[in-house]
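Visitor: Could you walk me through this model? I would like to learn how to read its overall dimensions and one of its sheets.

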Amino acid sequence: MKIKEIKVFVCSPGRNFVTVKVITDSDIYGLGDATLNGREIAVATYLEEHLIPCLIGRNAHDIEDIWQYLYRGVYWRKGAVNMAAIAAIDMALWDIKGKAANMPVYQLLGGKSRRAVGLYAHANGDTIENTLDKTEELIDQGFKAIRLQCAVPGLNVTYGVLGDKADYFELQGNRPLPPEEEWSTQKYFNMVVDLFAQARARFGNNIHLLHDVHSRLMPIESARLGKLLEPYNLLFLEDASIAENQDSYKVIRQHTTTPLAIGETYNTIWDCKELIQNQLIDYIRVAATHAGGITALRRIADFASIHNVKTAPHGAPDLSPVCFAAHMHLNIWAPNFGIQEFVGFGNEHSARIFQHTLTLENGMVFLSDAPGLGIEFDEEAAKEYPYKRSYLPVSRLEDGTVWHW
Ligand code: CS2
Ligand code: MG
């Protein structure tokens, strides 16, 4: 079964998505997600100019050889653009193999380890009260794990809290350039411990709570936050500090028993190797789209498993429904699966483009037995939503210093 053609689509049904369609000479095709938020066109061009010409005529069944050819066979390894492109091809080839075998991808990985996939939902609010009201709504909908994020009083904007803006396009106005957001660690500490104290007082201990720091703290500050949050029993604290220097997590780890999660920006196993093998984290959050596809995530999951680290794939709205479908197959299989981030199945516009076969019930996702990834892409509908330039915000301290995020 030879690869006949590969098409790349960039569409924007509320967010920009880069979708790859690998078509074979037996007319079975597969879909992959190559979305890199704020750098979408770089990946699309990289695919079209550099990768696709090398793939036409290859056997679509050779998933491993094609992965190695694109990763090891190329002098320039790793990198966000490169790995997103490899990931999309890899996902599409798994989709094709599943369709050819008439089996869902999770069967090819080894079958189900569980009935359904547990999720955590997001409660984002302008005030603590408002965040907790949203938490209550999610609990009423059946979610058993919720990530709480609240605007920091005294700062102009807090990431993830859009105020009166409908989305990031509206936040950027007619001037699509990176919005800037202030950060103050002191002001954040004044709010965040109170948020979790009030959440536990209101909801008790039968609900999982999580929090994303977006890497804004220095390691010793993360250690302090982890200690202060211990009484509120978080499922995990995400991206407490940057771990480009993976050793810095030792500082956090030696001070607190609050479980730690990281990985949504990682491109390869090498970005988290020391974190995992030294058991400095509890959850690895790599995404199939950004860390090299299903082939790479399966390898990271197995490596994590022998070090008691669970998987918790990134599930933000800038990963397309194709990536979400790929995560569901990995999650239902991985013996060391922890939890999946979930922000809904997308808006009415993206639902016209992507049709999935998943069902949501009581805070869990159930997979169908549709062959491959179980997702369809409507090329004609996608054309109605052309690409719109968009950026993630940049973070600065109150004195103007560019800060981590
Ligand atoms: C966030 C993301 O979902 C998360 O955990 O960190 O919203 C992240 O900021 C975006 O995916 C960036 O592209
Ligand atoms: Mg995050």
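**Overall dimensions**

Guide: With 405 residues, a compact globule would have a radius of gyration near 22 Å, and the chain agrees because its value is 21 Å. That radius is taken over C-alpha atoms, and the globule rule is 2.2 Å times the number of residues to the power 0.38. This is a predicted model, where local features need pLDDT of at least 70, side-chain atom pairs count only at pLDDT 80 or more, and totals for chains, interfaces and linings use all residues. Residues are numbered from 1 along each chain as its sequence is written, chains are lettered from A and ligands numbered from 1 in the order in which they are written, and side-chain values use heavy atoms, leaving out hydrogens and water.

Visitor: What percentage of the 405 residues count as buried?

Guide: Buried means under 20% relative accessible area (1.4 Å probe, protein chains only). Here 55% of the residues fall in that class.

Visitor: What is the strand order in the open sheet of 3 strands?

Guide: Strands are DSSP runs (E, at least two residues) and helices are too (H or I, at least four), numbered from the N terminus; two strands pair if DSSP finds at least two bridges between them. The order is S1-S2-S3, with antiparallel pairing. At the edges are S1 (3-11) and S3 (29-33), each pairing on one side only. Strand S2 (residues 17-24) pairs with S3 over 5 bridges, and Val-20 stands opposite Gly-32 in S3.

Visitor: Which strands does helix H3 lie across?

Guide: Helix H3 (residues 80-101) lies across S1, S2 and S3, with contact meaning heavy atoms within 4.5 Å.

Definitions and conventions. Axes fitted to C-alpha atoms, helices over the stretch in contact; angles between N-to-C directions. Buried < 20%, exposed > 50% of the residue type's maximum accessible area, 1.4 Å probe, protein only.
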